[in-house]
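Dear colleague,

I am passing on a structure that I would like you to look through before our next discussion. My notes on what was found in it come after the model itself.

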Amino acid sequence: MTATFLHADKPVSPDEEIDGRTPNCEACGATMWLTNRTRRSTDDGTRDIRSYTCKNCGAAKDVVERI
Ligand SMILES: [Zn+2]
């Protein structure tokens with residue numbers, strides 16, 4: 001008798017999903033911190049704009065994503 005527990009649904013944490021999209025600093029490789037998040041509507045759809053800052057060296061980066 002073998003149960004199929006291996007196929008049980010595995011819950012995915014929403015936090016993990018967010019962390020998975022956090023960029024690393026291009027200058028020093030440290031994980032960047034989300035400092036600002038805005039949404040902008042354009043004729044072509046909505047853009048999700050996230051601003052990241054590196055706490056290690058101060059570099060900044062904007063990530064624009066189409067949603
Ligand atoms: Zn850095």
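The notes below take the metal site, then the charged pairs, then the core and one further strand residue.

Please keep in mind that this is a predicted model, in which local features need pLDDT of at least 70 and side-chain atom pairs count only at pLDDT 80 or more, while totals for chains, interfaces and linings use all residues. Residues are numbered from 1 along each chain as its sequence is written, and side-chain values use heavy atoms, with hydrogens and water left out.

The metal site

The zinc ion is coordinated by the SG atoms of Cys25, Cys28, Cys54 and Cys57, at 2.3 to 2.4 Å; donors here are N, O and S atoms within 2.8 Å of the metal (3.2 Å for Na, K and Ca), and since water is not among the atoms, sites may look incomplete. Along the chain, the donors of the zinc ion follow the spacing C-x2-C-x25-C-x2-C. The angles among the four donor atoms run from 102 to 122°, and the site is tetrahedral, a label that four donors receive if all angles lie between 85 and 135 degrees. For reference, the ideal angle for four tetrahedral donors is 109.5 degrees.

The charged pairs

A search of the whole structure finds six salt bridges, each defined as a side-chain nitrogen of Lys or Arg within 4 Å of a carboxyl oxygen of Asp or Glu. One of them joins Arg37 to Asp48, with the closest N and O atoms 2.8 Å apart. This pair links distant parts of the chain, since Arg37 belongs to strand β1 (residues 33-42) and Asp48 to strand β2, 11 residues apart; strands are DSSP runs (E, at least two residues), numbered from the N terminus. Arg37 is partly exposed at 41% relative accessibility, while Asp48 is buried at 2%.

Another salt bridge is formed by the side chains of Glu65 and Arg50, at 3.6 Å from N to O. Here too the pair links distant parts of the chain, with Glu65 in strand β3 and Arg50 in strand β2, 15 residues apart. Glu65 counts as partly exposed at 23% relative accessibility, and Arg50 as buried at 3%.

Within strand β2 (residues 45-53), where Asp48 is found, the side chain of Asp48 also makes a polar contact of 3.2 Å with the side chain of Arg50; a polar contact is a pair of N or O atoms within 3.5 Å, where within protein one must be able to donate a hydrogen and the other to accept it, and residues adjacent in sequence count only if both atoms are side-chain atoms. Arg37, Asp48, Arg50 and Glu65 are linked in a network of salt bridges.

A further salt bridge pairs Asp44 with Arg66, the closest N and O atoms being 3.6 Å apart. Asp44 lies in the loop between β1 and β2 and Arg66 in strand β3 (residues 60-66), so this pair ties together parts that are 22 residues apart in sequence. Asp44 is partly exposed at 44% relative accessibility, and Arg66 is exposed at 56%.

The core and a strand residue

The largest nonpolar core has five residues, namely Cys25, Met32, Tyr52, Cys54 and Val63; such a core is a set of buried Ala, Val, Leu, Ile, Met, Phe, Trp, Tyr and Cys residues joined through side-chain atoms within 4.5 Å. Leaving aside neighbours within four places in sequence, the residues in contact with Tyr52 include Met32, Leu34, Lys61 and Val63, contact meaning heavy atoms within 4.5 Å.

Thr53 is found in strand β2 and is partly exposed, at 24% relative accessibility. Thr53 and Thr35 are 18 residues apart in sequence and 6.5 Å apart in space, C-alpha to C-alpha. With neighbours within four places in sequence again left aside, Thr53 is in contact with Met32, Trp33, Thr35, Gly58, Ala59 and Ala60.

With best regards

How values were computed: Helices (H or I, at least four residues) and strands (E, at least two) are DSSP runs, numbered from the N terminus. Four donors count as tetrahedral if all angles lie between 85 and 135 degrees; four count as square planar and six as octahedral if opposite donors are over 155 degrees apart and all others between 65 and 115; anything else is irregular. Buried means under 20% relative accessible area, exposed over 50%, partly exposed in between (1.4 Å probe, protein chains only).
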